[in-house]
Amino acid sequence: MTTDTSVAGELGIYACPVCKRLLRQEEGVLRCPTCSQAYPIREGIPDFILEELSRSADPVLRRMRFIDRMARIYETRLWYPIVLNVYGGFHSPSLAQLIRIVSQKVQSTKGRVLDIACGPGTYGRRIASPSKEVFGIDVSMGMLRQGAAYTAKEGIPNVHFARARVEALPFEDGLFDATLCCGSLHLFADTVIALREMARVMKPGAVLAVFTFTAGRGGILKFRRLREWALRRGMHAFDLSEMEQCLTASGFKDFQPEVSGSILTFSARKQAA
Ligand SMILES: [Zn+2]
């Protein structure tokens, strides 16, 4: 039965990642009224990535099966602290400290928060509140399923997950009051294209809160050769002037960086039109 084409509940917010028009909910899919493309809903999670990522030219996306499998250990001692120490240095902030730093940057925000490359909702589900509704997107269905399991177990109501690429967000323009991008900006193939798409879906003046890596004084990223090795694996360590240039080119202003070892956290704001 496909007579029900109403836009219902939380799924009514999603737009075609190509046409950017609101989608209609049909049996098990969201359908674009403009291009007719159907996006499947898998276990309650809409999937906007129709291509097979294991054949991608992007070295990060080709590792998708590994990323799917490590969803269960991502927030444990077996993964996050190791990544922070190896890349950021031994005095890097802990995950709990990073969550606190990022939360402060969006503390005064009320409304919709976009969580880019949300993983299992590591930041987003800890920031969600009655006044902050979080929409997480990630390329890994394994991570999103884990996030949905965590939010169900923890009883967090205001978090929604969808599978999408940062370069083609399934949202209309000017929808979000804040955007989080934690632990992923250094992995995107083109930083400016990713930031421009984030800016598109944000309201003027909305805050962007980021944790990424810089060529700082801690971890392996202080060594030029290891930065080059990391870059061949698709991981970029930004210097601050380069980061500011990328932000300005993408429609952001008020770059406020903080560096600890090789960990860079910052906020910026979307420029007014
Ligand atoms: Zn479309």
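Where is Thr265 found? Thr265 sits in strand 11. This is a predicted model. The protein chain has nine helices and eleven strands. A zinc ion is held by four cysteines, Cys16, Cys19, Cys32 and Cys35.

**Overall fold**

- The chain has 273 residues, and a compact globule of that length would have a radius of gyration near 19 Å. The protein chain has 18 Å, so it agrees with that expectation.
- Along its principal axes, the C-alpha trace spans about 60 × 40 × 35 Å.
- Of the 273 residues, 52% count as buried.
- Take the contacts between residues at least 6 apart in sequence: 65% of them join residues at least 24 apart.
- The accessible surface of the protein chain is about 13,000 Å². Carbon and sulfur atoms account for 51% of that surface.

**Zinc site**

- The protein donors are the SG atoms of Cys16, Cys19, Cys32 and Cys35, lying 2.3 Å from the zinc ion.
- The site is tetrahedral, with angles of 103 to 114° among the four donor atoms.
- In sequence, the donor residues follow the spacing C-x2-C-x12-C-x2-C.
- Cys16 and Cys32 link distant parts of the chain, 16 residues apart. Cys16 lies in the segment before strand 1 (24–26). Cys32 lies in the loop between strand 2 (29–31) and strand 3 (38–42).
- Cys16 and Cys32 are both buried.

**Thr265 and its surroundings**

- Thr265 has a relative accessible area of 3%, so it is buried. The cut-off for buried is under 20%.
- Neighbours within four places in sequence aside, Thr265 is in contact with Leu98, Ile101, Lys105, Val210, Phe211, Gln256, Pro257 and Glu258.
- Two of these partners, Leu98 and Lys105, are also among the buried residues of helix 4.

**Helix 3 (residues 80–88)**

- Tyr80, Leu84, Tyr87 and Gly88 are buried in helix 3. They are on the same side of the helix because they cover an arc of only 90° around its axis.
- The buried residues of helix 3 pack against helix 4 (95–105) and helix 8 (224–232). They also pack against strand 9 (202–213), strand 10 (252–260) and strand 11 (263–270).
- Just after helix 3, Gly89 takes a positive phi of about 110°.

**Helix 4 (residues 95–105)**

- Which residues of helix 4 are buried? They are Leu95, Leu98, Ile99, Val102 and Lys105. Their arc around the axis is only 120°, which puts them on the same side of helix 4.
- Their cover includes helix 3 and helix 5 (124–127). Strand 8 (176–182), strand 9, strand 10 and strand 11 also contribute to this cover.

**Backbone points to check by eye**

- Most residues other than glycine have a negative phi.
- Ser36 is not a glycine, yet has a positive phi of about 70°. Ser36 is in the loop between strand 2 and strand 3. At 45% relative accessibility, Ser36 counts as partly exposed.
- Ala117 also has a positive phi, near 50°, in a residue other than glycine. Ala117 is in the loop between strand 5 (111–116) and helix 5. Its relative accessible area is 23%, so Ala117 is partly exposed.

Terms used: Residues numbered from 1 in each chain as written. Predicted model: local features only at pLDDT ≥ 70, side-chain atom pairs only at ≥ 80, totals over all residues. Heavy atoms only, no water. Buried < 20%, exposed > 50% of the residue type's maximum accessible area, 1.4 Å probe, protein only. Helix = DSSP H or I, 4+ residues; strand = E, 2+ residues; numbered from the N terminus. Arc of directions from axis to C-beta. Contact = heavy atoms within 4.5 Å. Donors = N, O, S within 2.8 Å, 3.2 Å for Na, K, Ca; no water. Tetrahedral: all angles 85-135°; square planar, octahedral: opposite > 155°, others 65-115°. Rg over C-alpha atoms; globule rule 2.2 N^0.38 Å. Areas by Shrake-Rupley, 256 points an atom, 1.4 Å probe, with all protein chains shown as cover.
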